[in-house]
Amino acid sequence: MTEKDIQDGKKISELFAILSEDNKNMVIVYLSALRDKELADSSKDNSQQKLLKNQVLGTLKKHQKKEEKVKKKNKTQSQLIEQFLMEFDISTYLFDVVNDWIEYKKEGGFIYKETGLKNLIRQISESASKYSDKAVAAVIKESIASGYQGIVFDKLSKTKREGMPANNFLQREYDYSALEQKLLSNN
């Protein structure tokens with residue numbers, strides 16, 4: 001308490017001493033009502049402050065949970081990618097191109113869920129075994145470069161018809177008679 005509070009208290013007590021009993025009761029009731037109002041007002045302010053504080057904390061918690069979900073989802077998705085790429089035995093060369101495709105889709109706001117990701121990698125794997133890693137990679141790269149929403153696998157059958165070999169080996173012509181003669185002459 002300050003010196004001023006003590007002096008104010010003395011003045012109030014001197015005034016209170018000269019009041020009649022009825023007036024004293026009236027002052028006590030009035031002071032009590034003032035105190036109750038003061039408590040109610042401070043309680044209202046406190047409850048408003050608490051409400052605001054709770055809203056801010058709630059928003060922060062929601063934001064943190066969202067961030068955790070995104071981190072967990074990203075971690076889970078990268079684990080799924082690795083799992084499916086190993087499961088479908090995709091080459092390292094094609095692995096990098098598939099990752100580029102998935103990143104390209106993320107940039108556009110699309111995130112693969114487990115089933116979609118598995119089907120995508122299965123389709124890429126099957127196409128690679130049918131046409132070649134290079135051909136599939138070229139189609140994926142072209143789809144990215146063209147800003148397509150999906151991979152245009154139809155272009156693979158078109159390139160095969162245009163004479164592209166089904167594997168990565170060059171096709172050679174052999175004279176089987178000459179080879180047979182050479183083998184027989186070595187024995």
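A salt bridge here is a side-chain nitrogen of Lys or Arg within 4 Å of a carboxyl oxygen of Asp or Glu. Helices are DSSP runs of H or I, at least four residues long, numbered from the N terminus. The legends below describe a predicted model.

**Figure 1. The fold of the protein chain is made of helices.** The secondary structure comes to seven helices and zero strands. From the N terminus on, the elements run α-α-α-α-α-α-α. Of the 187 residues, 18% count as buried. The accessible surface comes to about 15200 Å². Carbon and sulfur atoms hold 54% of that surface. Among contacts with a separation of 6 or more, 66% join residues 24 or more positions apart.

Figure 2. K4 is exposed, at 56% relative accessibility. D8 is partly exposed, at 29%.

**Figure 3. E103 and K106 pair within helix α3.** The closest N and O atoms of this salt bridge are 3.5 Å apart. About one helical turn separates E103 from K106, because they sit three residues apart in α3 (residues 92-107). E103 has a relative accessible area of 40% and is partly exposed. K106 is also partly exposed, at 27%.

**Figure 4. A salt bridge joins E142 to K155.** The closest N and O atoms of the pair are 2.5 Å apart. E142 lies in helix α5 and K155 in helix α6 (residues 154-161), so the pair ties together parts 13 residues apart in sequence. Both ends are partly exposed: E142 at 35%, K155 at 27%. A search of the whole structure finds three salt bridges.

Figure 5. The axes of α4 (residues 114-131) and α5 (residues 133-145) come within 7 Å. They cross at roughly 130°. On the α4 side, the contacts involve I124, S127, A128 and Y131. They meet D133, A135, V136 and I140 in α5.

**Figure 6. Helix α2 carries Y30 and Q83.** Y30 lies in α2 (residues 21-87) and is exposed, with a relative accessible area of 54%. With L31 and L34, Y30 forms a nonpolar surface patch of about 320 Å² accessible area together. Q83, in α2, is partly exposed at 42%. The C-alpha atoms of Q83 and K118 are separated by 9.3 Å, with the two residues 35 apart along the chain.

Key:
Residues numbered from 1 in each chain as written. Predicted model: local features only at pLDDT ≥ 70, side-chain atom pairs only at ≥ 80, totals over all residues. Heavy atoms only, no water. Patch = residues over 30% accessible without salt bridge, like charges linked within 9 Å, V, L, I, M, F, W, Y side chains within 5 Å. Areas by Shrake-Rupley, 256 points an atom, 1.4 Å probe, with all protein chains shown as cover. Helix = DSSP H or I, 4+ residues; strand = E, 2+ residues; numbered from the N terminus. Buried < 20%, exposed > 50% of the residue type's maximum accessible area, 1.4 Å probe, protein only. Axes fitted to C-alpha atoms, helices over the stretch in contact; angles between N-to-C directions. Contact = heavy atoms within 4.5 Å.
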